[in-house]
Structure formats: structure tokens, C-alpha cells
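Here is a short report for a reader new to this structure. Please look at the model before reading on.

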Amino acid sequence: MDSFTGKLAVVTGGGSGMGRELVRQLAAQGCSVAACDLNTGAVAQAAAMAQEGAPPGVRVTSHACDVSDEAQVLRFRDELLAEHASDHVDLVFSNAGIGGGGSFISDSRQEWERTFAIDWWGVYYCARAFVPLLMASGDGVLVNTSSVNGLWASLGPGMPNTAYSTAKFAVRGFSEALIEDLRSNAPGVRVAVVLPGHVGTDIVSNSFRARGLPELEHMSDAQLEELIPRDARARLIRAGLLAEGASAGQLRQMLVRANADFRDKAPVSAAEAATVILDGVRSGAWRILVGQDAKMIDAAVRAKPEAAYDYAELFRALADKPAGPAGTPRAGPA
Ligand SMILES: NC(=O)c1ccc[n+]([C@@H]2O[C@H](COP(=O)([O-])OP(=O)(O)OC[C@H]3O[C@@H](n4cnc5c(N)ncnc54)[C@H](O)[C@@H]3O)[C@@H](O)[C@H]2O)c1
């Protein structure tokens with residue numbers, strides 16, 4: 001596929017971050033798009049913005065869908081086929097995802113399973129729903145977003161990332177396993193897996209929202225207490241991110257700042273990431289690393305897998321590598 005012009009793409013999580021940029025850039029390149037999100041206002045806005053920048057003949061639609069609910073995924077599929085008057089789709093970007101469930105030991109089971117359900121089952125349900133439509137295209141591409149945490153299952157010292165990493169390893173494993181399956185059984189479809197490092201988006205606050213919590217600024221003290229229980233606070237204090245004896249107000253401020261820093265201090269913007277993803281898909285790549293940090297962690301973990309969680313040795317190996325244009329790697333990619 002050397003051009004997206006005249007194609008129909010599906011983008012999940014199209015209301016923010018990399019998904020919103022994929023919708024915008026695909027539409028600008030002449031591709032019709034059906035974008036879905038949990039956040040219906042955000043995805044409607046993203047679709048309207050993309051439609052404005054699109055050449056004539058391109059149609060961008062927005063849809064409500066929680067990808068962790070198979071019935072909603074099937075309804076989204078039927079809705080988009082009707083609205084685009086199509087019997088196939090050419091591209092599927094399974095991009096929707098959230099962070100959370102860092103600790104298997106101390107975070108709530110509910111948070112762990114919500115994160116896993118979106119990040120793994122969402123990708124699985126979308127593959128079940130859309131692969132037959134990619135087969136009907138005759139030249140279809142399934143693009144699943146994993147993470148650098150699909151290569152390395154931690155955020156660094158004192159920062160476990162169990163639900164997210166488990167799901168993202170599953171997405172990478174599934175995508176790699178599909179390579180041979182599609183080659184043998186559906187040769188008109190190929191798969192690509194996206195492995196981003198740190199990309200500047202609102203994923204921190206959107207993840208709270210996807211777990212049914214209000215905007216950070218509007219969270220009650222009790223909700224904050226539940227969100228960051230005593231032992232998680234202790235971890236933040238040990239990591240130097242929170243002062244000893246911090247009030248609920250200070251905790252709220254810290255989370256607002258953490259979201260803004262994650263978005264604004266990233267080495268790669270969401271727009272740049274979307275361009276890397278689309279260039280990768282167009283070139284036929286099946287493994288799309290986004291950012292110098294992702295490339296360096298990938299190389300270090302593959303060179304010496306047994307040192308992956310010996311942080312002193314891992315960070316020494318990373319520091320020995322020259323920093324690329326996107327800057328030095330950091331310890332906490334999503
Ligand atoms: N930002 C990073 O540093 C980074 C790094 C590695 C991987 N990723 C992955 O990239 C993908 C996009 O992340 P982003 O950083 O652009 O985040 P984002 O929060 O900016 O965008 C994700 C969108 O997905 C939507 N979403 C969440 N749960 C959903 C659900 N159940 N159904 C439908 N939509 C849902 C959110 O509302 C949001 O609009 C995610 O899979 C994420 O895990 C991000």
C-alpha cells in the first residue's frame with residue numbers, strides 16, 4: 001500500500017493523542033476515516049477538524065464505542081459500514097489504550113482488569129470484528145498499537161507496570177503470531193505492530209477518565225485517596241515526586257503537573273508519532289518503533305535480556321549509546 005488515497009480506515013481512540021493525529025493525517029492524505037472513542041465529544045471534534053483539512057470526496061465519521069465491550073465494537077462496525085456505504089475496510093488502527101494497574105499487589109483488581117480489558121481485549125475484539133472486512137478489501141492492513149512496554153515490562157525502579165505491560169506484550173505477541181497466520185490463511189491482509197516510546201499526549205488524565213473518574217481538577221479528596229492509596233503514595237514519596245505528608249490538594253496538583261509534563265516534555269509529539277506510524281505502514285514495515293527511546297530500549301533488551309531489570313546495568317547500556325535527535329531515553333515511557 002503506497003498511498004492512502006481513496007481508502008477507508010478505522011481508528012480506535014481517535015479522540016486524542018496519536019489516534020486524533022492519525023485521523024487528521026489520514027484524512028489530509030485522501031483517506032476516509034471512521035474514528036471511535038469512549039469520549040464522544042472529543043472524537044466528534046477530532047473528526048470535524050480532520051474533515052475540514054481533507055480533500056473533496058473524503059468522509060470522516062465519529063462513533064461512540066468502548067473497545068473493551070465486544071457488542072459495542074460490533075455495533076461500531078455495522079454503523080461505519082452503513083455510514084460509509086462500504087462492504088470492506090482497508091486499514092484498522094487499533095490504537096485505543098489506557099495506563100493503570102501498575103501493581104498487581106497493591107492496586108485494585110478492578111483497575112488492573114479495566115486496563116487489561118481495554119489494552120488487550122479491545123485489540124482482540126477489533127481484530128475479530130475487522131479482519132474479515134480487511135480480507136474483503138484484498139489489500140488490508142491491521143495496525144495494532146503495543147508499546148515499549150511490550151518489549152520491557154517496567155517503568156523503572158519502584159514503578160511497576162503490570163497490567164499495561166501484560167496487555168502490551170499480548171498485543172505484540174498476537175500481532176507477531178498473525179504474521180504467519182495471515183500469510184497462510186489471508187494473504188490479502190498484513191499486520192503491523194507499533195511500539196512507541198514516550199509520546200506527548202494526555203494519556204495520564206484520559207486513563208483516569210476511562211476508569212470512570214472525573215477530570216483531575218474535579219476529583220474529590222476521597223476519589224484521590226482511592227486513586228492513590230497509602231502504599232502508592234509511599235512509592236511516589238520514595239521516587240521524590242511527592243512531599244512527605246502531602247495534602248489531597250498537593251496530590252491533585254502533582255497529578256495535574258504529571259499529566260502536563262508527560263504531554264509537554266515528551267521527546268516526540270503525537271503528530272510526529274502519527275507520521276512515523278503512517279510512513280511505516282506505507283513502507284510495508286511490520287514493526288514500527290516510535291522514538292529514539294523505544295529504539296534504544298529495544299536494542300538494549302535484545303542485546304542482553306537478562307539485564308533488562310537490572311536498572312543500573314540497563315541504564316549504563318543506554319547511556320553508552322549516543323543520544324539520537326529525539327533526545328536521551330527516559331525511565332518512564334508509557
Ligand atoms: N503516549 C505514550 O507515551 C505511549 C507510549 C506507548 C504506547 N502508547 C499507546 O498508544 C496508544 C494511544 O495512546 P495516546 O498516548 O495517544 O493516548 P490518549 O489518551 O491521548 O488517546 C487514547 C484515546 O483512546 C481513548 N480510549 C481509552 N479507552 C478507550 C476504550 N475503551 N474504547 C475506546 N476508546 C478508548 C481515550 O479516550 C483517548 O481519546 C495507546 O494504546 C497507548 O497505550 C502510548
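The notes below cover the ligand and then the aromatic pairs.

## Basis

This is a predicted model: local features need pLDDT of at least 70, side-chain atom pairs count only at pLDDT 80 or more, and totals for chains, interfaces and linings use all residues. Residues are numbered from 1 along each chain as its sequence is written, and side-chain values use heavy atoms, without hydrogens and water.

## Around the ligand

Helices here are DSSP runs (H or I) of at least four residues.

## Ligand nitrogen atoms

A ligand nitrogen atom lies 2.8 Å from a side-chain N or O atom of Asp 66. A nitrogen atom of the ligand is also 3.3 Å from a polar backbone atom of Cys 65. For Leu 38, a polar backbone atom is 3.3 Å from a ligand nitrogen atom.

## Aromatic pairs

The whole structure has 12 aromatic pairs, with ring centres within 6.5 Å. Trp 120 and Phe 174 have ring centres 5.4 Å apart and planes at 90°, so this pair is edge-to-face (planes over 60 degrees apart). Trp 120 is in helix 4 (residues 109-137) and Phe 174 is in helix 5, 54 residues apart.

Terms used. Polar contact = N/O pair within 3.5 Å; in protein donor to acceptor, adjacent residues only side chain to side chain. Phe/Tyr/Trp six-rings, centres within 6.5 Å; stacked < 30°, edge-to-face > 60°. Helix = DSSP H or I, 4+ residues; strand = E, 2+ residues; numbered from the N terminus.
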